[in-house]
Amino acid sequence: IVEIQPRHFQALAQMYPDANAWPAMIELAGRIESAIKAVERRLPKGFAESVWVPICKGTLAQAKSFLAYAKV
């Protein structure tokens with residue numbers, strides 16, 4: 001997934017007939033941080049940090065890259 005660039009998502013949104021696709025993608029990326037926090041609260045005690053931390057870091061990095069591209 002790290003090879004998928006924000007421009008690829010924008011191109012996909014432009015092919016979709018709904019003009020709100022790109023803004024919806026931007027809105028979704030903007031909710032990543034709060035979604036991660038919500039999931040973290042629900043993880044079972046002792047959930048493996050070796051699994052959780054890379055997922056969080058990778059997801060946040062992708063969202064940050066996406067939002068930077070979208071200039072939000």
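Arg31 and Glu27 form a salt bridge in this predicted model, with their closest N and O atoms 3.2 Å apart; a salt bridge is here a side-chain nitrogen of Lys or Arg within 4 Å of a carboxyl oxygen of Asp or Glu. The model is a predicted one, in which local features need pLDDT of at least 70 and side-chain atom pairs count only at pLDDT 80 or more, whereas totals for chains, interfaces and linings use all residues. Residues are numbered from 1 along each chain as its sequence is written, and side-chain values use heavy atoms, with hydrogens and water left out.

Arg31 is partly exposed at a relative accessible area of 43%, and Glu27 is likewise partly exposed, at 42%. In these terms, buried means under 20% relative accessible area, exposed means over 50%, and partly exposed lies in between (1.4 Å probe, protein chains only). Two salt bridges are found in a search of the whole structure. Lys37 pairs with Glu33 in a salt bridge whose closest N and O atoms are 3.7 Å apart. Because Lys37 and Glu33 are four residues apart in helix H3 (residues 32-42), about one helical turn separates them. Helices (H or I, at least four residues) are DSSP runs, numbered from the N terminus. Lys37 counts as partly exposed, at 44% relative accessibility, and Glu33 is partly exposed with a relative accessible area of 47%. Side chains of opposite charge can pair when their charged atoms come close.

The largest pocket holds about 340 Å³ of space. A pocket is defined on a 1 Å grid over the protein atoms alone, as an open set of points where a 1.4 Å probe fits, with protein on both sides within 12 Å along at least five of seven lines; lining residues have an atom within 4 Å of a point. Grid points are joined across faces, edges and corners, and the volume is the space filled by probe spheres set on the points. The lining of the largest pocket comprises 16 residues, of which Phe9, Thr59, Gln62, Ala63 and Phe66 are the closest to the pocket centre. Helix H1 (6-15), helix H2 (21-30) and helix H4 (49-70) are the elements that give two or more residues to this lining. H4 gives the most, with six residues. By class, the lining has 11 nonpolar, five polar and no charged residues, where Ala, Val, Leu, Ile, Met, Phe, Trp, Tyr, Cys and Pro count as nonpolar, Asp, Glu, Lys and Arg as charged, and the others, Gly among them, as polar.

Ala63 is located in helix H4 and is buried, with a relative accessible area of 10%. The C-alpha atoms of Ala63 and Ala24 are separated by 13 Å, the two residues being 39 apart along the chain. Ala61 also lies in helix H4, but is partly exposed, with a relative accessible area of 45%.

Ile1, Val2 and Ile4 make a nonpolar surface patch of about 330 Å². Patches are made of residues with over 30% relative accessible area and no salt bridge, nonpolar side chains (Val, Leu, Ile, Met, Phe, Trp, Tyr) being joined within 5 Å and like charges within 9 Å. Accessible areas come from the Shrake-Rupley method with a 1.4 Å probe, and for residues only the protein chains shown count as cover. Val2 is found in the segment before H1 and counts as exposed, at 61% relative accessibility.
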